[in-house]
Amino acid sequence: MSGLSSAAAIVGIGATDFSKDSGRSELRLAAEAVRAALDDAGLTPDDVDGLVSFTMDTNTEVAVARSVGIPHLKFFSRIHYGGGAACATVQQAAMAVATGVADVVVAYRAFNERSGARYGQVNTALAAQVNSSGTDNAFSYPHGLSTPASFVAMVAQRYMHVSGATSADFGAVAVADRAHAATNPEAFFHGKPITLEDHQNSRWIAEPLHLLDCCQESDGGVALVVTSAERAKDLKQTPAVIAAAAQGSGPDQYIMTSYYRDGLAGLPEMGIVGDQLWKQAGIGPQDVATAVLYDHFTPYVLMQLEELGFCGRGEAKDFVADGIQVGGRLPINTHGGQLGEAYIHGMNGIAEGVRQIRGTAVNQVDDVGHVLVTAGTGVPTSGLVLSRS
């Protein structure tokens, strides 16, 4: 176990509504989410001395501080690599708290991803950047690999060939997510479950990915309040103790296009994260009651199950068939995930992990002692183990 393990806890969670057209600025979304998280924790803006977010977030720390009424900051940090940053924002906050750099740190992410810049569409500017990422993208864009779905489709095809998984196996993830979203009043797809037939009949986006293999584009914001485990004991919510937090980047790592690896049918960066998480927390996959696995595209959920040790290589198709809904072998994404609730770059998944620890989730799993949460896949990534104590 590392010095970081169990030194800090998430004590507040807050979110805006999740929509396709928020009707307000991204800064307002961020401020609303941060205020809601502080209210949930029973803290005020005066208590906050640290903020952390994604490099992709348009809301600077000082702008959020002004908007919320935070008087001063002693710590601010940003994490790169899109959705891979989600759990790392909490890791950064926990490290700041554990080392005494800050006392109360809020991690946030807010955007108008549907009504504003749509991430799912072609963005030629990414290949024209005057930096190393622009150079990397220049290899793939001329070949038509210019959307997140097309990036993932390449890997998914290879994974199917190697593992024997089928489109229907990917569909099991979409069906489970939408079943959980259907009973979650905060989910965009509340009351709208799907069948495997619905999944199979949905149109192709980039073969082998159907429309229902792909996450939403959402407007909204989420914030998480982190403080010391000791201080957390005196606050109003059951703390979600950060038992482990890790980042990982694998060999020949690119951003969504790591096609030059020997294997291609895996996510080695998630394996690196998983190894750290189990070591830090002093537990293994068998000790996890429920997991929030980053589900921007369904094939990567199966690959994560294998990388994290829940099953062997090529066995995820059988694992998901054994039950990933509440009451099954390993309930995943009990809020509906990014396919069913909203796509807020995985931050809403961390909030769901906190609710499972508190025992307040809409689709509550019995006897939750530990929850695994992962961040974006296909990119350098991160993960958390949240525990009751």
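## The pair Glu307 and Arg313

Glu307 and Arg313 form a salt bridge, with the closest N and O atoms 3.0 Å apart. A salt bridge is defined here as a side-chain nitrogen of Lys or Arg within 4 Å of a carboxyl oxygen of Asp or Glu. Glu307 is buried, with a relative accessible area of 12%, whereas Arg313 is exposed at 58%. Buried stands for under 20% relative accessible area, exposed for over 50%, and partly exposed for values in between (1.4 Å probe, protein chains only).

## Basis of the values

The model is predicted: local features need pLDDT of at least 70, side-chain atom pairs count only at pLDDT 80 or more, and totals for chains, interfaces and linings use all residues. Residues are numbered from 1 along each chain as its sequence is written, and side-chain values use heavy atoms, with hydrogens and water left out.

## Other salt bridges

The count of salt bridges comes to 15. One of them joins the side chains of Arg114 and Glu217, at 3.0 Å from N to O. This pair links distant parts of the chain, 103 residues apart: Arg114 is in the loop between strand S4 (104-112) and helix H4, and Glu217 is in the loop between strand S6 (209-210) and strand S7 (219-228). Helices (H or I, at least four residues) and strands (E, at least two) are DSSP runs, numbered from the N terminus. Arg114 is partly exposed at 33% relative accessibility, while Glu217 is buried at 10%.

A further salt bridge connects Arg28 with Glu32, whose closest N and O atoms are 2.9 Å apart. Both residues belong to helix H1 (residues 26-41), where Arg28 and Glu32 are four residues apart, about one turn of the helix. Glu32 is partly exposed, with a relative accessible area of 26%. Salt bridges also link Asp17, Arg24, Arg28 and Glu32 in a network.

## Helix H5

Which residues of helix H5 (residues 132-140) are buried? They are Ser133, Gly134, Asn137 and Ser140. Seen down the axis of H5, these buried residues fall within an arc of 115 degrees, so they line one face of the helix. The arc is that of the directions from the helix axis to the C-beta atoms.

The cover over the buried residues of H5 includes helix H4 (125-128) and helix H6 (148-163), where contact means heavy atoms within 4.5 Å. At the N-terminal end, Asn131 caps H5, with a side-chain oxygen 3.1 Å from the backbone nitrogen of Ser133.

Definitions and conventions:
A polar contact is a pair of N or O atoms within 3.5 Å; within protein, one must be able to donate a hydrogen and the other to accept it, and residues adjacent in sequence count only if both atoms are side-chain atoms.
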